[in-house]
Amino acid sequence: MAGSIEDNAALYKKKTFAYVQPTPPAELIESTTYTLDFTNRKFVHIGIDPTEHFQVAIHLLTSSRHVNISPDFLKRIFSMMGHILSFILDTPQKCKRFIFFETESHKISSMVYGGENVLVIESKTHKGCRVLLNRADLISLQYLEWCIFETVTRKSTITQPVVLKQFDMFSNYINVEFHKLNSPPKTTAEMITFVKNLHDDTIISNMPKNDVNHISQIKMYASTQLVKHWEKCFIRPMSPELLISPLSPPTPLSPPPHFYCIGS
């Protein structure tokens, strides 16, 4: 069910309820998945999120829901795990609701579901984005603590810098290929299609041999970010209705040596 827990409780009281599927989570680059409960399809998904400035993100996934949290937020959950588990193990009381803590973007609380206490990890900024974790799920999560944070550290210190460097290489490659076109794309949507149709092998062949290749994943999962970055760094500001003018091919500005112009 979409919306917050409180919203859905009100809907149930009115006997009017329509299931609305939440927006799927962003695709992550170089992702790693750990299983909490295969039977009930509960997983921890860790990777580089191109929609969040290529930061390391943690997605908690269930069969019908998901929530995106940061590594620091998960650390806070682990710091309270003893208190959370003692509450979850208590006798379920249908009318009892407890909020462990909340931030501007997330809320951690408990509720009774399926006759047992469960932990609710809920987004306050994205409707319908939440997961319910029972006692067994939380114990599995606790066992995986070191695995999860070893993965986060590896992706933050090793994978992320390589992805950013290859993203920058890809952006330069787009600019070179764009200037070869007799009829360049005219809109952002056409430019994204152009990027997705580029051949990976040429840019991969120019990469340092000792680097792990992320080019194909960058093209698949960060094509929108590639176009926005290319537009910002290589062409002059244009009309929002027309990205490229076919009568006046764009003259590239001084190309940035690094990817860091994103978000600047």
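**Aromatic rings in a predicted model**

Phe 170 is buried, with a relative accessible area of 1%. The model in which this value was computed is a predicted one, and a search of the whole structure finds eight aromatic pairs in it. A pair of aromatic rings is described by the distance of the centres and the angle of the planes.

**The pair Phe 98 and Phe 100**

- Phe 98 and Phe 100 form an edge-to-face pair, in which the ring centres are 4.9 Å apart and the planes make an angle of 70°.
- Phe 98 has a relative accessible area of 29% and is therefore partly exposed, whereas Phe 100, at 10% relative accessibility, counts as buried.
- Both residues also belong to one aromatic cluster, which is formed by Phe 87, Phe 98 and Phe 100.

**The pair Phe 170 and Tyr 173**

- The ring centres of Phe 170 and Tyr 173 are 6.4 Å apart and the planes stand at 65°, so this pair is edge-to-face, because planes over 60 degrees apart are counted in that way.
- Phe 170 and Tyr 173 are three residues apart in helix α5, which covers residues 145-178, so about one helical turn separates them.
- Tyr 173 counts as buried, with a relative accessibility of 12%, because the limit for buried is under 20%.

**A charged residue over a ring**

- Arg 41 lies over the face of Phe 38, at a distance of 4.3 Å from the ring centre.

Terms used
Residues numbered from 1 in each chain as written. Predicted model: local features only at pLDDT ≥ 70, side-chain atom pairs only at ≥ 80, totals over all residues. Heavy atoms only, no water. Phe/Tyr/Trp six-rings, centres within 6.5 Å; stacked < 30°, edge-to-face > 60°. Buried < 20%, exposed > 50% of the residue type's maximum accessible area, 1.4 Å probe, protein only. Helix = DSSP H or I, 4+ residues; strand = E, 2+ residues; numbered from the N terminus. Lys NZ or Arg CZ within 6 Å of the ring centre and 35° of its normal.
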